[in-house]
Amino acid sequence: AVLVIAAITAIYYSITGSESVIEIVVAVLIVACPCALALSKPFTYGNIMRVLGRNGLYLKNTSVIPTLNEIKHIVFDKTGTLTENDPEAINFEGEPLSESEKGMILLTANSSTHPLSRAIVKSLLQNKPDTSTHEINAFSEISGQGVETRIGEHTIKIGSSSFVNHNRELVQEETATHISIDGKYRGKYIFQSSIRAGIPELLSQLEQHYKIHVLSGDKEKDKTMIASMLTDSRYLRFACTPKEKAEYIREIQKTGEKVLMIGDGLNDSGALERADVGIAVSEDMFRFTPSSDAIIKSDSLNKLDRLLKLSNYAKKVLRVCYGFSLIYNVLGLSFAVSGQLTPLVAAILMPISSITIVVIATFSTVFRRI
């Protein structure tokens, strides 16, 4: 567009016989500032991304922000997301474990990112079992099933009852992680769930703008507790496999609406990847989830409604930046085309417009309060 305007200007002043045709055309080319337009989005999104990170939500890149602003449905995993497990409220039922066996279970659980595994680690660390004589020789983790390690001559499996021992009854009401050592079933850790601080208030705020869904691999023992926090409890699903969670999200997407999935790491990797935006909740920021678009610190989850509002605020800032850039270009070109602007003045005004965009984008976001 700038080149077309410059060409028309050159032709017009050539026909009129103006001696300043070269200066006028040069002023047109200089004062027009596409870079002000080009800088608007990266500076706005970059600053928003920085503020979000400062508040515990770490995006993979700035392209996540516009998608996040189109979200209509939010799907929550339950275990490790809406609920947390108190290490002091974990009970072990089964054959007594030796200190050496506890050490091997600790190493195995510590190799997993699943919330229940993390809770087992915290519980076992209270008694400080000796792990100095153990070393993991082989490790494998199956999403939604469990973890298997080889430590010395021993094989340790922790996870669902079907994963640990196919001969045991799978139906269970409690949230539990089962243990086997060398193929022998040894017992299970039973967890008492509690809602994370601020979650009821968070769900109440989110329901005003989004449809809220809750999916869980557990049985329905916490259904009443979760349903009591929602005004619409039709979108609760329990006993879901990782594949079923991903399929559930796919069904929502068939309506043409965007979906945000919030869950724990590997166990929900399929659903996180399937969603338009996947956010992994993490207790430990050094453990990342490649299939997610973002990571949120567990203690920042109760601020999710405000973080999403901040992301949406980027649209307002971007409109201001685009508006200023367009006004500047229209006014600058008007003066340049009419011959009222010298190349020197145009050269001064051009970088000022870019600097102004940077200032608007930065100060509008950096001082925005969550």
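Visitor: How do I read strand pairing here, and which residue of E12 is the bridge partner of Val-214?

Guide: Two strands pair if DSSP finds at least two bridges between them, and strands (E, at least two residues), like helices (H or I, at least four), are DSSP runs numbered from the N terminus. In E12 the bridge partner of Val-214 is Leu-236, and two bridges join E11 to strand E12 (residues 236-237), the two running parallel. Strand E2 (residues 71-77) is joined to E11 by five bridges, also in parallel, with Phe-76 partnered by Val-214.

This is a predicted model, in which local features need pLDDT of at least 70 and side-chain atom pairs pLDDT 80 or more, while totals for chains, interfaces and linings use all residues. Residues are numbered from 1 along each chain as its sequence is written, and side-chain values use heavy atoms, leaving out hydrogens and water.

Visitor: Why is strand E11 largely enclosed by the rest of the structure?

Guide: Buried means under 20% relative accessible area, exposed over 50%, and partly exposed in between (1.4 Å probe, protein chains only). Strand E11 (residues 211-215) is largely enclosed because four of its five residues are buried.

Visitor: How many disulfides does a search of the whole structure find, and is Cys-240 buried or exposed?

Guide: A disulfide is a covalent bond between the sulfur atoms of two cysteines; the search criterion is a pair of cysteine sulfur atoms within 2.5 Å. The search of the whole structure finds zero disulfides. Cys-240, at 13% relative accessibility, counts as buried, whereas Cys-35 is partly exposed, with a relative accessible area of 30%.
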